[in-house]
Amino acid sequence: MRLSQYPINTTKETPAEAEVLSHQLMLRAGLIRRIAAGIYSWLPFGLRVLRKVENIVREEMNRAGALEILMPAIQPAELWQESHRWAEYGPELLRLLDRHERQFVFGPTHEEVVTDIARRELRSYRQLPVNFYQIQTKFRDEVRPRFGVMRAREFIMKDAYSFHLHEASLREGYAAMREAYTRMFTRMQLDFRVVQADTGAIGGSASEEFQVLADSGEDAIAISDSDAFAANVELAAAAPPAGARAQPRQSLEQVATPGMKTIAAVSAFLETPPERCLKTLLVEASDGVAVALVLRGDHELNALKAQKLPGVASPLRMAGAASIRAATGGEAGYLGPLGLKCRIYADHAALHASDFVCGANAPDLHLRGVNWGRDLPEPTAADLRNVVDGDASPSGQGRLQIVRGIEVGHIFQLGSKYSTAMNAAVLDESGKAVTMLMGCYGIGVTRIVAASIEQNHDERGIIWPTPLAPFHVVLIPLNLQKSAEVRAAADALYAALGAAGIEVLYDDRDARPGVKFADAELLGIPHRLVLGERGLAAGSCEYRHRRATENEDIPLASVAAFIRARLEG
């Protein structure tokens with residue numbers, strides 16, 4: 001491609017709307033342009049990268065035996081009502097009316113449509129297992145789209161759905177997709193982890209996420225420093241502290257803490273570390289009575305863990321003022337477990353504390369020197385908190401580190417959630433109708449582009465991994481408009497590289513060398529060739545990899561072979 005024929009502008013200034021680096025660089029390099037909140041046009045350079053992601057995904061899905069289909073983006077409401085997600089999915093589901101006042105949705109996912117296909121087309125166990133996939137536009141009406149294409153409302157997704165006769169086949173299909181995803185992200189040269197995850201709105205019995213590690217990631221991930229364990233923080237189990245709880249040494253006393261409603265304020269005022277200050281949170285109960293959750297002051301409540309406890313309402317909801325007064329006689333900010341008239345769960349770490357500080361259930365008062373078993377009954381022990389750096393790994397090997405990640409893929413064992421609701425069955429060997437089991441496997445194709453940039457950049461711009469680069473090489477001739485020799489040599493080199501199957505961006509613009517070099521670095525093309533009169537006289541051109549700091553002189557006659565070897569190495 002000749003850059004003189006490319007009408008899209010790069011920019012030096014960082015756009016004010018861009019919050020994360022990938023968004024900034026995609027806008028500056030002219031890969032995308034915003035048309036509305038969370039909705040973007042993909043311009044030629046960006047689309048080339050997007051298509052390369054799609055090609056890798058498609059090749060590995062086909063290699064795994066999946067069958068590509070294409071389902072409609074607009075789906076009839078009847079299917080969503082049949083699966084019960086019409087009311088359950090929430091405001092992210094964009095609902096539409098056609099001219100006949102019939103209800104439709106702009107699909108955020110396609111479980112309903114593919115299950116309808118399966119119940120119409122699959123009749124016998126002999127047709128199973130089967131895996132259908134598509135690469136298609138989705139829409140989720142995010143309340144606050146942000147981070148560019150990383151959390152957009154409209155995006156491109158690869159979604160696949162497998163159908164099975166029994167659990168063993170489902171597990172085998174799930175494992176095949178896990179392996180295919182691993183190959184995909186390895187080919188894209190991404191630093192990623194396979195992470196235990198919550199099934200969320202999709203449902204099912206088991207799921208894992210593929211997380212690209214990046215400081216800008218929205219998700220907190222716990223990884224072991226000694227083995228392959230990795231899980232979203234909300235799913236990682238926090239082991240009880242080792243050893244016995246220390247014996248009481250202090251007497252219980254009530255202390256005045258005027259206006260101090262936070263752990264930080266109470267800890268500083270009483271000169272007690274936050275880990276020895278316990279916080280009591282009251283949440284709504286499934287039977288209408290509040291439930292108390294007690295944690296160490298330096299730990300964070302894990303809502304997913306808490307809402308699975310017996311008696312706790314799901315989804316988790318904090319108790320209102322009336323419930324707090326009924327259970328404690330006090331108000332939020334001074335709550336404590338002593339004298340509560342409700343069920344109490346204490347996190348393992350909180351239960352291990354002795355001589356601790358907690359609220360006195362009265363305004364402006366706290367208790368000091370409190371001990372379980374002596375001053376109040378032993379509560380029910382539970383895992384209530386998010387894990388933190390240094391916690392023991394649930395795998396039993398090493399310690400946990402908390403890192404940030406960008407979710408680019410998610411695989412699920414759905415089971416029969418959708419096939420039961422929509423009556424998708426086949427006949428088994430005995431002629432009996434059997435409800436099919438399902439797997440679901442998604443990849444955020446557009447998000448991968450941003451995630452790659454978050455991992456591969458410097459202060460000058462993007463640094464594309466070769467498999468995703470819009471072009472392999474940028475060819476920059478110097479003094480092109482004034483030197484017929486340089487133009488002829490550059491044109492010949494451009495043709496030779498193309499003939500060798502090398503994708504070349506030919507910067508034939510009438511622009512200063514500094515402008516050309518800056519744009520080449522911003523665009524992140526992995527390999528750069530510079531051809532000038534001096535090098536031409538010596539029969540060579542300058543080569544530099546995007547990550548390198550020094551040039552190499554390459555004989556003109558062997559440039560194509562040199563680049564080909566670098567691409568294949």
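**Close-up 1. Helix α12 and its buried residues.** The buried residues of helix α12 are V445, T446, R447, I448, V449, A450, A451, S452, I453 and E454, where buried means under 20% relative accessible area, exposed over 50% and partly exposed in between, with a 1.4 Å probe and protein chains only. Because ten of the eleven residues of α12 (residues 445–455) are buried, this helix is largely enclosed by the rest of the structure. Helices (H or I, at least four residues) and strands (E, at least two) are DSSP runs, numbered from the N terminus. The model is predicted, so that local features need pLDDT of at least 70 and side-chain atom pairs count only at pLDDT 80 or more, whereas totals for chains, interfaces and linings use all residues. Residues are numbered from 1 along each chain as its sequence is written, and side-chain values use heavy atoms, with hydrogens and water left out.

**Close-up 2. V53 in helix α2.** V53 lies in helix α2 (residues 44–63) and counts as buried because its relative accessibility is 0%. With neighbours within four places in sequence left aside, V53 is in contact (heavy atoms within 4.5 Å) with M188, V445, I448, V449 and L468; of these partners, V445, I448 and V449 are also among the buried residues of α12.

**Close-up 3. The nonpolar cores.** A nonpolar core is a set of buried Ala, Val, Leu, Ile, Met, Phe, Trp, Tyr and Cys residues joined through side-chain atoms within 4.5 Å. The largest such core has 67 residues, and F185 and M188 are those with the most contacts inside it. Beyond its neighbours within four places in sequence, F185 is in contact with L190, F192, F210, V408, G409, I443 and I448. A second, separate core of 26 residues includes M71, A77, V105 and M436.

**Close-up 4. K138 in strand β7.** K138 has its place in strand β7 (residues 130–139) and, at 0% relative accessibility, counts as buried. Its side chain makes a polar contact of 3.3 Å with the side chain of Q136, and another, of 2.9 Å, joins the side chains of K138 and D159. A polar contact is a pair of N or O atoms within 3.5 Å; within protein, one must be able to donate a hydrogen and the other to accept it, and residues adjacent in sequence count only if both atoms are side-chain atoms.

**Close-up 5. The two cavities.** On a 1 Å grid over the protein atoms alone, a cavity is a set of points where a 1.4 Å probe fits but cannot get out, a pocket is an open set with protein on both sides within 12 Å along at least five of seven lines, and lining residues have an atom within 4 Å of a point. The count comes to two cavities of 30 Å³ or more. The largest cavity, holding about 80 Å³ of space, is lined by V474, A520, E521, I525, P526, R528, R544, H545 and R546. The second largest cavity has a volume of about 50 Å³, and its lining residues are F147, M150, S216, E218, D219, G405, I406, E407 and R447. Grid points are joined across faces, edges and corners, and a volume is the space filled by probe spheres set on the points.

**Close-up 6. The second largest pocket.** About 300 Å³ of space lies in this pocket. Of the 21 residues that line the second largest pocket, K261, K279, T280, G333 and L335 are the closest to its centre. Strand β14 gives the most to this lining, with five residues.
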